[in-house]
Amino acid sequence: QIRSNGMLVIGMNQDETTNLYNQQGENIGKVSIMAVKGNKVRIGFEFPKDVVIARPGVSFEEALIISNAKETTKTA
C-alpha cells in the first residue's frame, strides 16, 4: 500500500480533464482546465458531494458551511 501526503502536480492544457483514482481503481473525481487568461486559470473540480474544497483564507469549517448552503439552495 502506497501512502503519500505530498503535492500532486499535473501538467494540463486548456479543455483537458484528468481523472483521479484511488488504489482500488475507483474514480474519485475529475480536474479540468476550463480557461486560461493571462496569468489566471479557471479550474473545474468534479468530486463527490462529501469533498469540501477550502480556498486560501477560508477555514475547513467555513468551507463546510458554504458547501452545505449550496446544497440546501440546490435542493430547495
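Which residues does Glu46 touch, not counting residues up to four places away in sequence? Glu46 touches Gly29 and Lys30, where contact means heavy atoms within 4.5 Å. The model is predicted: local features need pLDDT of at least 70, side-chain atom pairs count only at pLDDT 80 or more, and totals for chains, interfaces and linings use all residues. Residues are numbered from 1 along each chain as its sequence is written, and side-chain values use heavy atoms, with hydrogens and water left out.

**View 1. The open sheet has the strand order β1-β2-β3.** Its three strands pair in antiparallel fashion. Strands are DSSP runs (E, at least two residues), numbered from the N terminus, and two of them pair if DSSP finds at least two bridges between them. β1 (17-21) and β3 (40-46) stand at the edges with a single partner strand each, so one side of each has no neighbour in the sheet. From one strand to the next the twist averages 25 degrees; axes are lines fitted to C-alpha atoms, and angles run from 0 to 180 degrees between N-to-C directions.

**View 2. β2 and β3 form a hairpin with two residues between the strands.** Strand β2 (residues 27-37) runs antiparallel to β3 and is joined to β3 by seven bridges. Lys37 has Lys40 in β3 as its bridge partner. In this hairpin Gly38 takes a positive phi near 60 degrees.

**View 3. Ser32 lies in strand β2.** The relative accessible area of Ser32 is 14%, so Ser32 is buried (buried means under 20% relative accessible area, exposed over 50%, partly exposed in between, with a 1.4 Å probe and protein chains only). The side chains of Ser32 and Thr17 are joined by a polar contact of 2.8 Å (a pair of N or O atoms within 3.5 Å; within protein, one must be able to donate a hydrogen and the other to accept it, and residues adjacent in sequence count only if both atoms are side-chain atoms). Not counting residues up to four places away in sequence, Ser32 touches Met12, Glu16, Thr17, Arg42, Ile43 and Gly44.

**View 4. Glu46 is found in strand β3.** Glu46 has a relative accessible area of 52% and is therefore exposed. Glu46 and Asn19 are 27 residues apart in sequence, and their C-alpha atoms are 9.3 Å apart in space.

Conventions. Helices (H or I, at least four residues) and strands (E, at least two) are DSSP runs, numbered from the N terminus.
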